[in-house]
Amino acid sequence: MQIEIKNITKSFTVDSVTFKAVDDVSVKIESGDIFGFVGASGAGKSTLIRTINQLETQDVGKVIADGLIINKLTKDEL
């Protein structure tokens, strides 16, 4: 399975302040690859993973798995 993340952006608003947890991230992971996201606490790693599996919806961008744009699927289709 190939997973492609294209221009993902995800923002949150806390106490009337908006911040970008993930800002314009693009990655292509080929079938058989072992891949990890590393970075400091609060860098957006978990938020990025949650957008890949659609537990969070991105503000901008696409998540594509084997050619299927999964952020366009319904909950039942997921």
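These legends walk through several close-up views of one predicted model. Local features are given where pLDDT is at least 70 and side-chain atom pairs only at pLDDT 80 or more, while totals for chains, interfaces and linings use all residues. Residues are numbered from 1 along each chain as its sequence is written, and side-chain values use heavy atoms, with hydrogens and water left out.

**View 1. Four strands make an open sheet.** Let us start with the sheet, where 4 strands follow the order E2-E1-E3-E4 with antiparallel pairing. Strand E2 (17-29) and strand E4 (68-69) stand at the edges, each with a single partner strand, so one side of each has no neighbour in the sheet. Helices (H or I, at least four residues) and strands (E, at least two) are DSSP runs, numbered from the N terminus. Two strands count as paired if DSSP finds at least two bridges between them.

**View 2. E1 meets E3.** These two strands pair in the antiparallel sense over 5 bridges. Helix H1 packs on the sheet and touches E1, E2 and E3, and its direction makes about 120° with that of E1. For such angles, axes are lines fitted to C-alpha atoms, for helices over the stretch in contact, and the angle runs from 0 to 180 degrees between N-to-C directions. Look for Lys6, whose bridge partner in E3 is Lys62, and for Thr9, whose bridge partner in E3 is Val60.

View 3. Thr9 sits in strand E1 and counts as buried at 11% relative accessibility. Buried means under 20% relative accessible area, exposed over 50%, and partly exposed in between (1.4 Å probe, protein chains only). Leaving aside neighbours within four places in sequence, Thr9 is in contact with Lys20, Val22, Asp23, Asp24, Gln58, Asp59 and Val60. Contact here means heavy atoms within 4.5 Å.

**View 4. The buried face of H1.** Here you can pick out Thr47, Leu48, Thr51 and Ile52, the buried residues of H1. Seen down the axis of H1, these residues fall within an arc of 145°, so they line one face of the helix. The arc is that of the directions from the helix axis to the C-beta atoms. What covers the buried residues of H1 includes E1, E2 and E3.

View 5. Just after H1, Gln54 takes a positive phi of about 65°, and Gln54 is buried, with a relative accessible area of 14%. Glu56 is buried too, at 19%. Apart from neighbours within four places in sequence, Glu56 is in contact with Lys10, Phe12, Arg50 and Thr51. Phe35 is 21 residues from Glu56 in sequence and 20 Å away in space, C-alpha to C-alpha.

View 6. Most residues other than glycine have a negative phi. Asn7, in strand E1 (residues 3-14), has a positive phi of about 55° although it is not a glycine. At 39% relative accessibility, Asn7 is partly exposed. Now turn to E3 and E4, which pair in the antiparallel sense over 2 bridges. The bridge partner of Ala65 in E4 is Leu68. Their hairpin has 2 residues between the strands, and Asp66 takes a positive phi near 50° there.
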